[in-house]
Amino acid sequence: MKRIAIDMDEVIADFIPEQLKRFNIATGKNITIADLHGTKLKYLHNDKIETIHTFQNDPTFFRDLKVMPDSQEVIETLSKDYEIFITTAAMEFPGSFTAKYEWLKEHFSFLSDMNFVFCGNKSIIHADYLIDDNVRHFKNFKGKGIIFTAPHNINERGYDRIDNWKAALDYF
Ligand SMILES: [Mg+2]
């Protein structure tokens, strides 16, 4: 079986709405997804970087994220023909480990725990495909990188792209 490695945040876990909700409450601003076209909140509001990082080290942040539409059904279907690994750069937010694990157990219970990979540098991942919203993870990845569309990566070129999980089913 070929292997597909799949990122969590902004790929199977809907990260941005929760980030904006918490940011806007904390700062009194009204940032919307449209404001993140081609950028990330941490670049748009570099002056508030500590506030942004505080959320992401808060265990409740990851535990409460919504599941990306159709991701459960499509990944379960793909798991019949491909070996699926969830590969998250969890080292960026060490406070997130337990919440991420519990979230995967709740929402992707059809996958084995042994297929959850909490890593730092994803170049260590040995898979045929990596579906990720951050193209930096493709640089030294030996397989094929597939961009999962997110506001910040809308202008990235040079890789295959899928816009949503229904498109992923067509792709594979
Ligand atoms: Mg991500």
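Tutor: Let's start with Asp 113, which counts as partly exposed because its relative accessibility is 25%. On this scale, buried means under 20% relative accessible area, exposed means over 50%, and partly exposed is in between (1.4 Å probe, protein chains only). What does the side chain of Asp 113 meet in a salt bridge? Its partner is the side chain of Lys 105, at 2.6 Å from N to O. Lys 105 has a relative accessible area of 35%, so this residue is partly exposed too. A salt bridge here is a side-chain nitrogen of Lys or Arg within 4 Å of a carboxyl oxygen of Asp or Glu.

Salt bridges can also share partners, and that is how Glu 18, Lys 21, Arg 22 and Asp 58 are joined into one network. Glu 18 sits in helix α1, residues 15-27, and it counts as buried because its relative accessibility is 11%. If you skip residues up to four places away in sequence, Glu 18 touches Phe 61 and Leu 65; touching, or contact, means heavy atoms within 4.5 Å. As for the element names, helices (H or I, at least four residues) and strands (E, at least two) are DSSP runs, numbered from the N terminus.

A quick note on what you're looking at: this is a predicted model, where local features need pLDDT of at least 70 and side-chain atom pairs count only at pLDDT 80 or more, while totals for chains, interfaces and linings use all residues. Residues are numbered from 1 along each chain as its sequence is written, and side-chain values use heavy atoms, with hydrogens and water left out.

Back to the salt bridges: the rule counts 14 of them. One is between the side chains of Lys 122 and Asp 7, at 3.0 Å from N to O. This pair links distant parts of the chain, 115 residues apart: Lys 122 is in the loop between β5 (116-118) and β6 (129-132), and Asp 7 is in the loop between β1 (2-6) and β2. Lys 122 is buried, because its relative accessible area is 1%, and Asp 7 is buried as well, at 5%.

Another bridge brings together the side chains of Asp 9 and Lys 100, at 3.0 Å from N to O. Asp 9 lies in the loop between β1 and β2 and Lys 100 in helix α6, so the pair ties together parts that are 91 residues apart in sequence. Both Asp 9 and Lys 100 are buried.

Now zoom out to the domains. The chain is divided into domain 1 (3-14 + 66-171) and domain 2 (15-63), with bounds that come from an automatic or database domain assignment. Their centres, taken over C-alpha atoms, are 21 Å apart. Where they meet, 18 residues of domain 1 are in contact with 16 residues of domain 2. Together they bury about 1600 Å², 59% of it on carbon and sulfur atoms. Asp 14, Phe 93 and Pro 151 supply 33% of the area that domain 1 buries against domain 2, more than any other three residues. Buried area is the accessible area (1.4 Å probe) that two parts lose on being put together, summed over both.

What about charges and polar atoms there? Between the two domains the count is 2 salt bridges, and the interface has 6 residue pairs in polar contact, both residues at pLDDT 80 or more. A polar contact is a pair of N or O atoms within 3.5 Å; within protein, one must be able to donate a hydrogen and the other to accept it, and residues adjacent in sequence count only if both atoms are side-chain atoms. On the side of domain 1 that touches domain 2, the elements giving two or more residues are β2 (13-14) and α6 (97-107). Of these, α6 gives the most, with 5 residues.

Last stop, Arg 161 in strand β8, residues 160-162. Arg 161 is partly exposed, because its relative accessibility is 28%. Its side chain makes a polar contact with the side chain of Thr 149 at 2.9 Å, and a polar atom of that Arg 161 side chain lies 3.1 Å from the backbone oxygen of Glu 156. Arg 161 and Ile 147 are 14 residues apart in sequence, yet 4.5 Å apart in space, C-alpha to C-alpha.
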